[in-house]
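Good morning. I will take a few minutes to go through one model, and I will keep to what the coordinates give.

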Amino acid sequence: MFNLIHVLNQFFAGVGGEDKADIPVGIKPGPIGAARGLQEQFGDRARVVATLFFGDNYFHQYPKEALAAALNEARQLQPHVIVAGPAFGSGRYGLACVELCEMFAQALSVPCVTAMHMENPAVGTYRDYHNPKVYLLPTAETAAGMTSALTALAKFACRLGSGANMGSAHDEGYVSRGIRQPVLAQRPGVDRGIDMLLAKCKNEPFLTELPMEAWDQTTPAPAISDLKKATIAVITTSGVVPWGNPDEFRTFRNTYWRKYSIAGVQSMEPGRWEAVHGGYDVSFMNQNPHFGVPLDALRTLEVQRIIAKLHPFYYVVPGNQGAPSVIRRIGQEIANDLLKEGVDASLLVST
Amino acid sequence: MRLELAEFPVNEIILGSENRYRSATLELNQDELLGGLHQDKRIENAKLAVVLPGECARITHIRDIVEPRIKVRGQGQVFPGILGSVTPVGEGRTHRLSGMAVVAAAEYEGTIRAGTAVQRSAILDMWGPGAEISHFSSLIQLVLILRLAKGLAEIDAHTAIQQAEYQLAFQLAKLTTGLKPSAVEVFELGEADPLLPSIVLIQGCLTHSGHPHSNLAYYGLPIRDSLATLVHPNELLDGAMTVDTTRGIGYYPTTWDWQNHPLVMGLYRSHRKQLNFVGMIVERIRFETHHGKEVIAQNTMRMAKALHAEGALVSWLGSGNAFVDVMLTVQACERAGIKTVLVTYEYGGKDGVDSPLLYYVPEANAVISTGSRDRWLELPPPDRAVGPNESIQILTYPGSPLIPAQSSLTLDAREMIIGGVDIWGRGYRTCVAY
């Protein structure tokens, strides 16, 4: 027997429909609304000590207040597990469930489980948090799947409540948070590979060990309306740095960026700059560093007044083998610096 | 084409006064074996050391590892185009010394400061957490410790190291001529069983067309902007595929790995039982343009089609954008009706939450993960460091520090350990999603 809190929106808590979507965070002892269904599933294995609810609109208008109020209520009850949803296909509700679970897991170190349809946009948010204490179960798209969703939630909550060491997403049935953990397989990779190929050739079922993903798409910033008035900077992942590598960049997996002055410099003379990068043959770059920082062309554009000004620093990180999360952070830091310096646009030179 | 691989196990190596193989013991006379090497002006100094599995020892400056072999029957000799003429190999009988390897541990500064042609070396711990991740830690290692003359160009350094290690390995294997092996394995593709699916091995190989050595050679010839090439797997067993010995990196195969290619061995084990192994396509990858990547992918698929392959085991070696070539090959094969399984290591960053792969295609729906290359590793200090210098350079960049070989190390990836990345599914490592 363990205690849990069930988190629901105003509608599934039975407080009201869209007309009540503005109500702040509230709590009632014991199960109400859909939480009654959950309690039924538990029988005497677990006790829903309270139902926490919020208006869908309220949560999105006042997320800070909503999270603080929810934390305040939940903290006093010291639950062993928190269940949120199921949110099915509802984006607002789904996001509130994920944000609340993330906050509870962080602040109270309580395992949390939510449930929603795989196409709910909040599934992406859940993945991005990579929080090992938060779990998400797949459901149907609509509340027609309520009973099976509550059954799955109850079963999963009991696993969490038992304090068991939770296994992989595949073994436990939750949606992967994109955390890849090293383990030892039963058999060598070669044997697994040959078996998988034979199964595939016979049209028998097989399970990939590494599901495909998709990269984020970046929306470009709007085009510059008047280039003649624009200050232009250069960002390069080529690894071109002052000769001698003063900031000790590595040839791979760098975790920081630097900017170097090109104020008053008319061209990138060979011997003054070198490429620190492990992913391409740098000899041509050392012979002509303009391939990484095209200063000659940009100075010409400046003289011809095609651009207003070249920013007096260029930005660099040797991009080789950069982990996406690190490079994303570096990109944000460089973008912030460019904004602060009043740069309008940047040429991004990769190799 | 039938090759018999005769096994001579080695349980002990003694540096003594004679050169002989007897009762799984290899007794070696260092002066005699290395006498030839000292005539090579590119080599300043050469000596041998024996390091045992489980010993609290770290081998440093590793450039390559090779298994001693010799052909005793059939045409040609091992390492054709390097130790001897370009004579086709893969037939007859070849002796191998198993349970041991020759490690080339060479000090070489290099003339190139950075980039893909920069010299690199790796380490091998024979005990502890470092040993757990490298298959080489289970072999008795005969370390050939080399100091090269100063100022050698990369290709001269490579040739000197490679000749030294291959010649030494050859001399060791030669000690078994006329002796009776403990076991003989037969490798023969023969005729296909029409009831079994035909499977091809597609081996993507990152090479650099502009380097003095391209990273990989076939009969001693560096492979550059090559299109798909059909190689008989037996050729590998006789040393037709060799590597750049100035770059010892955990995600590149050593000569030993090519001689003992686990996917080739696995397909041979299943050959004519569950499948027909129809051969290996060596696919050069890391074309500089997407156009090039598309061409090599289609070209490789065409060759697999010409071999009537129903399925392809696809693997690769290297890192970075070469993986795009690999994924486009998977896509091209799948679209042409050839079923694929991709065998690859994954990235994932320190905590396993970064992207496991660099490029995705929806057709790659069957992937074997051989574990992450990015996880950090803490290595305790060894009692003994074996190598040409007491200091090592773990990172290779202009101005990177030298650290004592006998210190504890924090590695931010597995590639500094030779064999530290399981490129071809030899081991049991994998990753699962949480």
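Predicted model: local features only at pLDDT ≥ 70, side-chain atom pairs only at ≥ 80, totals over all residues.

First, the contact between the chains. Chain A contributes 62 residues and chain B contributes 69 residues. Together, chain A and chain B bury about 5400 Å², and carbon and sulfur atoms give 59% of that area. Which three residues supply more than any other three of the area that chain A buries against chain B? They are Arg180(A), Lys200(A) and Met212(A), and they supply 13% of the area.

Next, the polar side of this contact. Between chain A and chain B there are 35 residue pairs in polar contact, counting pairs with both residues at pLDDT 80 or more. As for secondary structure, the elements that give two or more residues to the side of chain A that touches chain B are β7 (180-184), α8 (189-201), β11 (273-275) and α11 (324-340), which belong to chain A. Of these, α8(A) gives the most, with 12 residues. Sorted by class, the side of chain A that touches chain B has 29 nonpolar, 19 polar and 14 charged residues.

There is also strand pairing across the contact. β7(A) runs antiparallel to strand β27 of chain B, residues 429-433, and five bridges join the two. As one example, Leu184(A) has Arg429(B) in β27(B) as its bridge partner.

Now the salt bridges across the contact. Seven salt bridges are counted between chain A and chain B. One salt bridge is formed by Arg253(A) and Asp412(B), with the closest N and O atoms 3.1 Å apart. Arg253(A) and Asp412(B) also belong to a network of salt bridges, which links them with Arg250(A), Arg120(B), Arg373(B) and Glu415(B).

Let me move to a strand in chain A. Are the residues of strand β1 of chain A, residues 2-9, mostly covered or uncovered? Mostly covered: eight of the eight residues are buried. In a regular strand, side chains alternate between the two faces of the sheet. In β1(A), Phe2(A), Leu4(A), His6(A) and Leu8(A) point one way, while Asn3(A), Ile5(A), Val7(A) and Asn9(A) point the other way, and all are buried.

β1(A) has strand partners within chain A. With strand β3 of chain A, residues 46-54, β1(A) pairs in the parallel sense over eight bridges. There, Asn9(A) stands opposite Phe54(A). With strand β4 of chain A, residues 81-84, the pairing of β1(A) is also parallel, over four bridges. Here Leu4(A) stands opposite Val81(A).

Over to chain B, and one residue in a loop. Glu67(B) sits between β6 (57-66) and β7 (69-73) of chain B. Why does Glu67(B) count as buried? Its relative accessibility is 1%, and buried means under 20%. The side chain of Glu67(B) makes a polar contact of 2.8 Å with the side chain of Arg69(B), and another of 2.7 Å with the side chain of Arg96(B). Leaving out residues up to four places away in sequence, Glu67(B) touches Arg96(B), Leu97(B), Met100(B), Trp256(B), Gln259(B) and Asn260(B).

Last, salt bridges within the chains. Side chains of opposite charge can pair when their charged atoms come close. Over all chains, the structure holds 38 salt bridges. One of them joins Arg187(A) and Asp195(A), with 2.7 Å between the closest N and O atoms. Arg187(A) is partly exposed, at 35% relative accessible area, and Asp195(A) is partly exposed at 31%.

Another joins Asp247(A) and Arg258(A), where the closest N and O atoms are 3.4 Å apart. Asp247(A) is in the loop between β9 (240-242) and β10 (258-261) of chain A and Arg258(A) is in strand β10, so the pair ties together parts that are 11 residues apart in sequence. Asp247(A) is partly exposed, with a relative accessible area of 26%, and Arg258(A) is partly exposed at 31%.

In chain B, Arg147(B) and Glu107(B) form a salt bridge at 3.2 Å, N to O. This pair links distant parts of the chain: Arg147(B) is in strand β11 (residues 140-148) and Glu107(B) in strand β9 (residues 100-107), 40 residues apart. Arg147(B) counts as partly exposed, at 31% relative accessibility.

That is the end of my part.

Conventions. Residues numbered from 1 in each chain as written. Chains lettered and ligands numbered in written order. Heavy atoms only, no water. Contact = heavy atoms within 4.5 Å. Buried area = accessible area lost by both parts, 1.4 Å probe. Salt bridge = Lys/Arg side-chain N within 4 Å of Asp/Glu carboxyl O. Polar contact = N/O pair within 3.5 Å; in protein donor to acceptor, adjacent residues only side chain to side chain. Nonpolar A, V, L, I, M, F, W, Y, C, P; charged D, E, K, R; others polar. Pairing = 2+ DSSP bridges. Buried < 20%, exposed > 50% of the residue type's maximum accessible area, 1.4 Å probe, protein only.
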